[in-house]
Amino acid sequence: HPVLQKNLLHQLLGKLAGSRKDITSGHVEQVLELFLSGTGKRVCLPYGIAAERTYGMVDLFFADETNLSLPVRRILQIPGDTPCDNGMQIHTEILEFDGNLKKIPEKRYTKWFDYDKIKYTVWLRTRQPGDYLQSDREGSHKKLKRYFIDEKIPARDRGRIMLLAEENRVLWVIGYRISEAYKVDDRTRKVLCVQCVKKSM
């Protein structure tokens, strides 16, 4: 019911802001209108809060969060540990592969790659122009921007997502998918095992 929508939204904005003092019915109406608008539209609210229409929802957040998307670029240590800037680190090791494809882990933050298919330096970094990944075994490519759109990842979050890449070829959108070009198959002899883990204290 519209009345319940407005009451709930007013409470949510007050909870995020820490006070409902300057949250007016006009602000609530602005946010409600976003549900009927196109993806990417944003309104600015008191206390530094912003509301943005994303895929199938409206996000409420502090506007200065968008300033956290600073470029990251460092060489991936193989084997070894490479720190991320989010309290995580990337641990890598090289394993001999016996051809048993059932051993390949199906975990979101642990991936295996055919080490012999990697020809250049692997970087742990955020996105850059020209990035793409191979989307099928036939060699079709998909631009990283298109991948983000297809996965309905909000535009303001895309600059924070970490990648493993050699040149502009993305091996792994960390937390999401890996490129078909580097997958382990029955001809693989060496595996690059990559794990995203919490930094040890």
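## Strand pairing, helix packing and nonpolar cores

S6 and S13 form an antiparallel pair joined by nine bridges. Strands pair here if DSSP finds at least two bridges between them. Helices (H or I, at least four residues) and strands (E, at least two) are DSSP runs, numbered from the N terminus. This is a predicted model: local features need pLDDT of at least 70, side-chain atom pairs count only at pLDDT 80 or more, and totals for chains, interfaces and linings use all residues. Residues are numbered from 1 along each chain as its sequence is written, and side-chain values use heavy atoms, with hydrogens and water left out.

**Strand pairs**

Pro83 faces Gln89 in S6.

| Pair | Sense | Bridges |
|---|---|---|
| S1 and S2 (residues 49–54) | antiparallel | three bridges |

**The open sheet and its helices**

An open antiparallel sheet holds three strands in the order S1-S2-S3. S1 (42–44) and S3 (57–62) are the edge strands, each with a single partner, so one side of each lacks a neighbour in the sheet. Neighbouring strands are turned by 20 degrees against each other on average, direction ignored. Cys44 has Ala50 in S2 as its bridge partner.

H1 (residues 2–17) lies across S2 and S3, at about 25 degrees to S3. H1 packs against H2 (residues 25–34) at about 105 degrees, with the axes 10 Å apart. Axes are lines fitted to C-alpha atoms, for helices over the stretch in contact; angles run from 0 to 180 degrees between N-to-C directions. H1 and H2 are therefore roughly perpendicular (65 to 115 degrees). From H1, Gln5, Lys6, Leu9, His10 and Leu13 meet Val28, Glu29, Val31 and Leu32 of H2.

**Nonpolar cores**

A nonpolar core is a set of buried Ala, Val, Leu, Ile, Met, Phe, Trp, Tyr and Cys residues joined through side-chain atoms within 4.5 Å. Buried means under 20% relative accessible area (1.4 Å probe, protein chains only). The largest core has 18 residues, of which Ile90, Phe113, Leu164 and Ile174 touch the most other members. S12 (169–173) and S13 (190–198) each give two or more residues to this core. S13 gives the most, with three.

Beyond four places in sequence, Ile174 contacts residues including Ile90, Tyr109, Leu164 and Cys196. Contact means heavy atoms within 4.5 Å. Apart from this core lies another, of 13 residues, among them Leu13, Val28, Leu32 and Ala51.

Terms used. Buried < 20%, exposed > 50% of the residue type's maximum accessible area, 1.4 Å probe, protein only. Parallel < 35°, antiparallel > 145°, perpendicular 65-115°, else oblique.
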